[in-house]
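Welcome, and please open your viewer. We will take a few stops together, and at each one there is something to select.

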Amino acid sequence: MKNNDTFSKTLLVAVTLCLVCSTLISFTAVGLRDIQDANKELDKQTKILSAAGLLNNNLNISDLFKSIEVKMVNLETGLFDESIDSSTFNEGSFSRNLDTSIKLDKTQDVATLKRRENYQSVYLHYEEGNLVSIILPVRGYGLWGTMKGYLALEPDLQTIIGLEFFEDKETPGLGAEINNPKWKSKWTGKKIYSSEGEVIVSVIKGVVLPDSSNKDYSVDGLSGATITSKGVTNLLKFWLGDLGYGPFITNMRNGEIKDV
Ligand SMILES: Cc1cc2nc3c(=O)[nH]c(=O)nc-3n(C[C@H](O)[C@H](O)[C@H](O)COP(=O)(O)O)c2cc1C
């Protein structure tokens with residue numbers, strides 16, 4: 001009888017098994033990549049629509065998203081820029097590339113981004129030809145990592161419609177409560193800028209009292225998650241300020257750029 005219990009045969013079985021398994025995993029990963037990308041895109045579209053309060057159970061996401069126009073904005077000039085293709089734009093590669101981003105120094109980098117891309121996509125929603133909401137991608141560091149989301153504004157560019165995150169690394173039950181519908185609903189109607197044009201909207205520690213003089217600019221803090229709450233305040237401060245969408249918002253408000 002043949003002896004199979006040798007070192008070389010055991011090694012051969014182990015190596016063959018590894019090769020078969022890794023080939024299977026590689027084929028599955030490559031085969032599923034398109035589906036994963038499509039799902040990621042659908043999730044982003046869902047969050048954009050949700051931030052603007054446009055989700056509707058009776059219509060599918062792709063149909064709803066047809067009412068949204070995507071435009072590229074040059075963040076330096078605050079003007080629309082058609083030289084960048086919005087369908088292939090990737091904020092990650094733009095913000096890493098030294099030619100398409102700026103380095104932020106400590107005093108500027110309130111959202112802990114390190115670098116800021118020079119372009120961003122903005123989403124414009126129209127109803128019967130009228131602009132009804134502007135949705136801006138925002139991101140910034142929480143406690144454990146970068147929180148990425150969308151902020152929807154009314155055409156006055158002062159009133160918030162909604163804030164929706166699609167990616168975060170915060171702790172479930174603590175920082176991840178940024179995804180709790182009850183907390184998210186607190187953003188609707190909040191104002192951003194003081195009369196001097198400073199970004200003063202913030203997540204406070206504790207509950208916003210009805211008689212507080214700042215109640216229109218404040219959102220309840222997440223209990224046990226002050227660091228995440230501060231992260232949300234900071235990312236709004238950055239993206240609504242001069243190094244974020246500030247120049248674009250000023251241009252839109254002054255009628256320097258047309259929405260269509
Ligand atoms: C395991 C663990 C996970 C935590 N996750 C978060 C988090 O996601 N966000 C956050 O702000 N704080 C988190 N904290 C708490 C912070 O360390 C810090 O205590 C808290 O932000 C302070 O908030 P408070 O002043 O409301 O208590 C976590 C703490 C522990 C021990």
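Which residues are around the ligand? Select Leu143, Glu170, Thr171, Leu174, Gly175, Ser223, Gly224, Ala225, Thr226, Ile227 and Thr228; a residue belongs here if its C-beta atom, placed from the backbone, lies within 6 Å of the molecule. Color this shell by type and you get 4 nonpolar, 6 polar and 1 charged (Ala, Val, Leu, Ile, Met, Phe, Trp, Tyr, Cys and Pro count as nonpolar, Asp, Glu, Lys and Arg as charged, and the others, Gly among them, as polar).

A word on what you are viewing: this is a predicted model, where local features need pLDDT of at least 70, side-chain atom pairs count only at pLDDT 80 or more, and totals for chains, interfaces and linings use all residues. Residues are numbered from 1 along each chain as its sequence is written.

Next, select strand E8, residues 160-167. Strands are DSSP runs (E, at least two residues) and helices likewise (H or I, at least four), numbered from the N terminus. In E8, 7 of the 8 residues are buried, so the strand is largely enclosed by the rest of the structure; buried means that 20 or more other C-beta atoms, placed from the backbone, lie within 10 Å of a residue's own.

Click on Lys148: opposite stands Glu167 in E8. In this hairpin, 6 residues sit between the strands, and Leu157 takes a positive phi near 55°.

Terms used:
A residue is buried if 20 or more other C-beta atoms lie within 10 Å of its own, exposed if 12 or fewer, and partly exposed in between; C-beta atoms are placed from the backbone. Two strands pair if DSSP finds at least two bridges between them.
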